[in-house]
Amino acid sequence: MRFLGRLLWIIITVTMIVVSVSFAISNNATMSLSLWPFTQNLEIPVWLFGVCAFVTGGTLGTVLMGGQILTI
């Protein structure tokens with residue numbers, strides 16, 4: 001049973017890596033980001049925005065789960 005769990009984990013991980021790499025390779029256009037009180041725009045590739053959003057979400061999720069674990 002433990003082998004099947006690890007095999008499933010490896011399959012999910014490899015699938016996510018393939019999807020991430022495919023996303024990064026296929027989206028090389030640039031996008032413009034701006035924040036209201038500031039006048040300058042930040043030009044970044046679309047894949048960088050997607051990867052940063054994914055990392056930010058993972059980090060926030062980890063921090064929130066860590067806070068929940070500390071309260072137990």
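Colleague: Buried means under 20% relative accessible area, exposed over 50% and partly exposed in between, with a 1.4 Å probe and protein chains only; which of these is Asn 28?

Modeller: Asn 28 counts as exposed because its relative accessibility is 61%. Before we go on, this is a predicted model, in which local features need pLDDT of at least 70 and side-chain atom pairs count only at pLDDT 80 or more, while totals for chains, interfaces and linings use all residues. Residues are numbered from 1 along each chain as its sequence is written, and side-chain values use heavy atoms, with hydrogens and water left out.

Colleague: Fine. Where does Asn 28 sit in the fold?

Modeller: Asn 28 is found in the loop that leads from helix 1 to strand 1, with strand 1 covering 30-34. Helices (H or I, at least four residues) and strands (E, at least two) are DSSP runs, numbered from the N terminus.

Colleague: Let me step back to the whole chain. In what order do the elements run?

Modeller: Starting at the N terminus, the order is α-β-β-α, and the secondary structure therefore comes to two helices and two strands, as counted from those DSSP runs. Helix 1 spans 2-26 and helix 2 spans 46-71.

Colleague: Changing topic, what is the radius of gyration?

Modeller: The protein has 18 Å, whereas a compact globule of 72 residues would have a value near 11 Å. That radius is taken over C-alpha atoms, and the globule rule is 2.2 Å times the number of residues to the power 0.38. Taken along the principal axes, the box that the C-alpha atoms fill is roughly 55 × 40 × 10 Å.

Colleague: What share of the residues counts as buried, then?

Modeller: Of the 72 residues of the protein, 1% fall in the buried class.

Colleague: Now helix 1. What about Arg 2, buried or exposed?

Modeller: Arg 2, which lies in helix 1, counts as exposed because its relative accessibility is 64%. Arg 2 and Gly 67 are 65 residues apart along the chain, and 29 Å separates their C-alpha atoms.

Colleague: And Thr 13, why does it get the class it has?

Modeller: Thr 13 is another position in helix 1, and it counts as partly exposed because its relative accessibility is 32%.

Colleague: How far is Thr 13 from Leu 35?

Modeller: From C-alpha to C-alpha, Thr 13 and Leu 35 are 35 Å apart in space, with 22 residues as their separation in sequence.
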